[in-house]
Amino acid sequence: MHALGLDVGQKTIGVAITDEAGIAAHPVRVIARAGVGADVSQILTIVSERDITDVVVGLPLELSGKVGHRARRVRAFEQALREALPAAVKLHEQDERFSTAEAQRVLLAADLSREKRKQVIDQQAAALILQGWLDAARRSG
């Protein structure tokens, strides 16, 4: 299994992938948003190049767990992605309520400068989203 994790924001999309064994998630890059079609196209390229079997999209639920404005925007993006993905690739949602805050803590603990944190926060959040999904999948089955 090769899985791709996405942290979909308004300006960027953080991208992470699993290691060869499908055990650990690793940050890869950040995609600058250029419109849904262009964004989906870049993700499809990654899916093809890396032989991805699963795509995990972080869903930014409200603190109460309800679907709010941000989550509806991500779901609209998800729908466009779902329609474009090959049939063999599965799309999953992962609760990402605290991923960016956790990514910030990880990067602060690594003693990265503010500028460097800004450059990698979205891909680190994507890695945390993907790792959460991997861990949950391992526990359930």
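Student: Which residues does His2 touch, not counting residues up to four places away in sequence?
Tutor: His2 touches Thr18, Asp19, Glu20, Arg50, Asp51, Ile52, Thr53 and Asp54, where contact means heavy atoms within 4.5 Å. His2 itself lies in the segment before β1. Please note that this is a predicted model, in which local features need pLDDT of at least 70 and side-chain atom pairs count only at pLDDT 80 or more, while totals for chains, interfaces and linings use all residues. Residues are numbered from 1 along each chain as its sequence is written, and side-chain values use heavy atoms, with hydrogens and water left out.

Student: What separates the C-alpha atoms of His2 and Glu96?
Tutor: A distance of 20 Å lies between those C-alpha atoms, and the two residues are 94 residues apart along the chain.

Student: In what order do the strands of the sheet come?
Tutor: The open sheet has 5 strands in the order β3-β2-β1-β4-β5, with mixed pairing. Its edge strands are β3 (25–32) and β5, each of which pairs on one side only. From one strand to the next, the twist averages 25 degrees. Strands here are DSSP runs of E with at least two residues, helices are runs of H or I with at least four residues, and both are numbered from the N terminus. Two strands pair if DSSP finds at least two bridges between them.

Student: How many bridges link β1 and β2?
Tutor: There are 5 bridges, and the two strands pair in the antiparallel sense. They form a hairpin with 3 residues between them. Leu6 has Val15 of β2 as its bridge partner, and Leu4 has Ile17.

Student: And what joins β2 to β3?
Tutor: These strands run antiparallel and are joined by 7 bridges. Gly14 stands opposite Val30 in β3.

Student: Is β2 mostly covered or mostly open?
Tutor: Mostly covered: 6 of its 7 residues are buried. Buried means under 20% relative accessible area, exposed over 50%, and partly exposed in between, using a 1.4 Å probe and protein chains only.

Student: Changing topic, which residues of α2 are buried?
Tutor: Ala71, Val74, Phe77, Glu78 and Leu81 are buried in α2. They lie on the same side of α2 because they cover an arc of only 120 degrees around the axis; the arc is that of the directions from the helix axis to the C-beta atoms.

Student: What covers them?
Tutor: The cover for the buried residues of α2 includes β1 (3–8), β2 (12–18), α1 (36–49), β4 (54–59) and β5 (90–95).

Student: Which exposed residues are on the face turned away from the buried side?
Tutor: That face of α2 carries His69, Arg72 and Glu83.

Student: Which residues have the most contacts inside the largest nonpolar core?
Tutor: They are Leu4, Leu6, Ile43, Val55 and Leu81, in a core of 23 residues. A nonpolar core is a set of buried Ala, Val, Leu, Ile, Met, Phe, Trp, Tyr and Cys residues joined through side-chain atoms within 4.5 Å. The elements giving two or more residues to this core are β1, β2, α1, β4 and α2. A second, separate core of 10 residues includes Ala25, Ala126, Ala127 and Ile129.

Definitions and conventions:
Axes are lines fitted to C-alpha atoms, for helices over the stretch in contact, and angles run from 0 to 180 degrees between N-to-C directions.
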